Amino acid sequence: MTRDTQADGQIDGFHLVIDALKLNDIDTIFGLPGIPITDLTRMAQAEGMRVISFRHEQNAGNAAAIAGFLTQKPGICLTVSAPGFLNGLTALTNATTNCFPMILISGSSEREVVDLQQGDYEEMDQLAIAKPLCKAAFRVLNAEDIGVGIARAIRSAVSGRPGGVYLDLPAKLFAQTMDAAAGKASLIKVVDAAPRQIPAPDAVQRALDLLKGAKKPLIILGKGAAYAQADADIRALIEKTGIPYLPMSMAKGILPDTHEQSAAAARSFVLPEADVVMLIGARLNWLLSHGKGKTWGGKDHKAWGNQKYVQIDISPTEADSNVAIDAPVVGDIGSCVSALLSGIGSNWAKPPSDWLGAIAERRTKNIAKMAETLKKNPSPMNFHSALAVVRDVFKANPETIMVNEGANALDFTRSIVDMYLPRKRLDVGTWGIMGIGMGFAVAAAVVTKKPVIAIEGDSAFGFSGMEVETICRYNLPVCVVIMNNNGVYGGMDVNKSGSADVAPTVFVKGARYDKMMEAFGGVGVNATTPQELANAMNEALKSGKPTLINAVIDEAAGTESGRITSLNPQTAAKNK
Ligand code: FYN
Ligand code: ADP
Ligand code: MG
């Protein structure tokens, strides 16, 4: 049934779903057509929505998730029943883990048959499976409830701590019809979907008092701070207090990485040394060694222990999840930072100069050491000589969005390539997930209309590589750079058994990923020198054409697990 039914004053479920989304300013669907949602994708497109079709649901889901992060509106992923739903579920769970707002809408088979387990086409109790893996899950059985279902999904995704929401729409729902006027009246335009949450004045005062007494204060910015889009106030808070700050990876660029108060290049010095740490939209999870130090970075890493904490977070239960939080400030980051700012007068004393001096000394030393390494021009290229090129490209094109995944390709890029603007760096986030690459790249190009450069390990790229066809199909300004070192971590591993198989971490040597892009009409370049890489990247930015650069990297250049070798069970046991 189509909109024609409106001729007899009726509207169907398909159009109620589309109208409900549009009423809430949702204009894009990322998905993969098939039973029972094929017509929904066609009709959504006919009704003026942008429908981006992928080759695998996980990539569509990752696209929806990062669209949510970039826009503060829930990204929509649309999947078919059972297998399609399951393929999308990893992305939904990853979105929830990372606090990205998204809605996975999945078609499902007939309830009567599924619940009696009579073996329906793609039978699965999807709602029950999704529930523990996301923030909220709903099912709509009647056309007149579609408006409420979509409204509840939107509110759940973006209010409070953002996250993933599942919305189950059984096949029968789409064909249901109802009176068109009543249908229209049943839709809800959500008012104030993510209400501001103003922090309590005494909580703000407690935080200010703690910061005031600090001898070695430090601010840590997390991706929650990037999501909040309170960039100017965050910068003002950091500059007015004079407190050094450390950006978590997706918080890079909220202030330019070249800012003189950035302590990024003195990371392992400031973390154990600081006496008062203010977390802004960052959790004390494994990425911050649970607030205890020692659990990453190898044997020589110093334990923490003397820190007092201020934690700004929208979730009231985040505080004390790992170590005691002395001054929790619960509220949205915009409101919290602005409340702190109004408590900071012109007589605020900057941090003691010995603390600032010690950080500056470390930073200068580390940056100089890095500059030495980046200057080298080995053949074949290593990560450093290739990333020196990438660093210069981003410096000259700061509006470009970076997508980054891999092990060494991730860790080296994070510390070598400076970001200059907020929300320009999108990466593997809280889980260290591989496979976000092409989904993130497609969505970033679609929702921001900015050029995207994806720096990918050759292994990481494999998880979503088929989406180069999607990039070509929509003619997106995406340049994929594959750091090709012939394998997971590298290509040097040997099979000790004597059998003909290569070691589990090794791929086909000398693979030409650039030809994948050429297969779909994009530009493929094989780059063996920094100059070739620079030329190809600059040309990609200039032309805006889908491009894949196979950057040939020394297969011995990587280290096992990049910078988190200490998390391998054997290494962890030795370090105990
Ligand atoms: C940083 N550094 C710099 C600079 N920036 N030196 C010179 N110049 C610049 N601009 C230094 C910094 O001080 C550190 O040195 C080092 O470079 C690394 O910095 P980074 O990357 O910020 O810090 P680190 O130690 O790697 O951070 C820990 C971490 C991070 C856990 C937060 O590793 C991380 O986000 N990892 C994600 C890993 C992941 O998810 N992998 C996917 C799975 S891969 P020192 O101060 O001397 O320490 C599966 O195998
Ligand atoms: P990172 O990995 O960069 O350290 P995390 O994902 O661990 O960042 O932390 C993000 C935190 O930000 C979460 O605890 C989340 O509740 C919080 N958060 C997200 N959006 C907001 C917001 N608008 N206001 C306040 N806190 C937020
Ligand atoms: Mg590799």
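**Figure 1. A cis proline at Pro 380.** Pro 380 sits in the loop between helix H15 (353-375) and helix H16 (383-396). The model shown here, and in every view below, is predicted. The peptide bond from Ser 379 to Pro 380 is cis. Its omega angle is near -5 degrees.

**Figure 2. A cis proline at Pro 36.** The peptide bond joining Ile 35 to Pro 36 is cis. Here omega is near 5 degrees. Pro 36 belongs to the loop between strand S2 (28-31) and helix H2 (38-46).

**Figure 3. A positive phi angle at Gln 72.** Gln 72 is not a glycine, yet its phi is positive, near 65 degrees. Find Gln 72 in the loop that runs between helix H3 (57-71) and strand S4 (75-79).

**Figure 4. The contact between domain 2 and domain 3.** The chain has been divided into domain 1 (10-186), domain 2 (201-360) and domain 3 (376-565). This view takes in domain 2 and domain 3. Their C-alpha centres are 31 Å apart. In domain 2, 18 residues make contact with 15 residues of domain 3. About 1500 Å² of area is buried between these two domains. Carbon and sulfur atoms give 54% of that area. On the domain 2 side, Met 250, Lys 252 and Trp 286 lose the most area to domain 3. Together these three residues account for 36% of what that side buries.

**Figure 5. Polar and charged links between domain 2 and domain 3.** Nine residue pairs are in polar contact across this boundary, counting pairs with both residues at pLDDT 80 or more. The side of domain 2 that touches domain 3 holds eight nonpolar, five polar and five charged residues. One salt bridge is counted between the two domains. Side chains of opposite charge can pair when their charged atoms come close. Arg 423 forms a salt bridge with Asp 231. The closest N and O atoms of this pair are 2.8 Å apart.

**Figure 6. A salt bridge between Arg 139 and Asp 125.** Across the whole structure, a search finds 25 salt bridges. One joins Arg 139 to Asp 125, with the closest N and O atoms 3.4 Å apart. This pair links distant parts of the chain, as its residues are 14 residues apart. Arg 139 is in strand S6 (residues 136-139). Asp 125 is in the loop between helix H5 (111-115) and helix H6 (126-130).

**Figure 7. The site of the magnesium ion (ligand 3).** Which residues coordinate this magnesium ion? They are Asp 458 through OD, Asn 485 through OD1 and Gly 487 through O. The distances are 2.0 to 2.1 Å. Along the chain, the donors follow the spacing D-x26-N-x1-G. Asp 458 and Gly 487 are 29 residues apart, so trace each one separately. Asp 458 lies in helix H19 (residues 458-462). Gly 487 lies in the loop between strand S17 (478-484) and helix H21 (514-519).

Definitions and conventions. Residues are numbered from 1 along each chain as its sequence is written. Chains are lettered from A and ligands numbered from 1 in the order in which they are written. This is a predicted model: local features need pLDDT of at least 70, side-chain atom pairs count only at pLDDT 80 or more; totals for chains, interfaces and linings use all residues. Side-chain values use heavy atoms; hydrogens and water are left out. Domain bounds come from an automatic or database domain assignment. Contact means heavy atoms within 4.5 Å. Buried area is the accessible area (1.4 Å probe) that two parts lose on being put together, summed over both. A salt bridge is a side-chain nitrogen of Lys or Arg within 4 Å of a carboxyl oxygen of Asp or Glu. A polar contact is a pair of N or O atoms within 3.5 Å; within protein, one must be able to donate a hydrogen and the other to accept it, and residues adjacent in sequence count only if both atoms are side-chain atoms. Ala, Val, Leu, Ile, Met, Phe, Trp, Tyr, Cys and Pro count as nonpolar, Asp, Glu, Lys and Arg as charged, and the others, Gly among them, as polar. Donors are N, O and S atoms within 2.8 Å of the metal (3.2 Å for Na, K and Ca); water is not among the atoms, so sites may look incomplete. Helices (H or I, at least four residues) and strands (E, at least two) are DSSP runs, numbered from the N terminus.
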